[in-house]
Amino acid sequence: MRHILTALALLAAAPSFAAPGFEPGVYVDVNGGRASVSSKYADSNNDISLGAATGYQFTPNLGFEVYTRSLSVNPFRGFLAEPGYYPDSHYGVALMGTMPLDDHFSFTGRAGVGRTTMKPTRTTMEDRTDTDPIVGFGVRYAFNRHWSINLEGSYLTKSEVSLLTFGGRYQF
């Protein structure tokens, strides 16, 4: 975790190569992709993941966001598994590092922490939530100052969930 935080700090401290028209501001992001859950209590290890975020881009290199994502949209997950828990959804906060390469392309990094809802495989067991750090790296293509698309790989370190997402972002 220490190495990932160091990498994000380097991204944030890197010289800005962004377009001279950069303006700080609020953004919203929606994404979808695949969640791979490493759990012996789940029947499948690949599910659709949907997410949304809102954040603030302070500088061309540093932002902050609040996000939420589903980790499983399959209502029968864990149906035939032995009694236990599997990750179902996650929400949290993250620092976002960005290293612009030119006016359109950027590398991104994420380091944050959130709460993962763990669903039981039996109705006699109650849901539980765990604190779960998240790290991620990705690329972004900006069409203009407002619209961009991104591809990101993230990892929830405690619940061992790998995410691969593709999304769109609008900055006000």
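1. Strands here are DSSP runs of E with at least two residues, numbered from the N terminus.

2. The model is predicted: local features need pLDDT of at least 70, side-chain atom pairs count only at pLDDT 80 or more, and totals for chains, interfaces and linings use all residues. Residues are numbered from 1 along each chain as its sequence is written, and side-chain values use heavy atoms, without hydrogens and water.

3. On one side, E7 runs antiparallel to strand E6 (residues 128–142), with nine bridges joining them; two strands count as paired if DSSP finds at least two bridges between them. Glu152 in E7 is the bridge partner of Gly138. The hairpin from E6 to E7 passes through four residues.

4. E7 is also joined to strand E8 (residues 161–171), by 10 bridges and in antiparallel fashion. Gly153 has Leu164 in E8 as its bridge partner. Four residues separate E7 and E8 in their hairpin, and Glu160 in the turn has a positive phi of about 55 degrees.

5. These strands belong to a closed barrel of eight, in the order E1-E2-E3-E4-E5-E6-E7-E8, with antiparallel pairing. Neighbouring strands of this sheet are turned by 25 degrees against each other on average, direction ignored; axes are lines fitted to C-alpha atoms, and angles run from 0 to 180 degrees between N-to-C directions.
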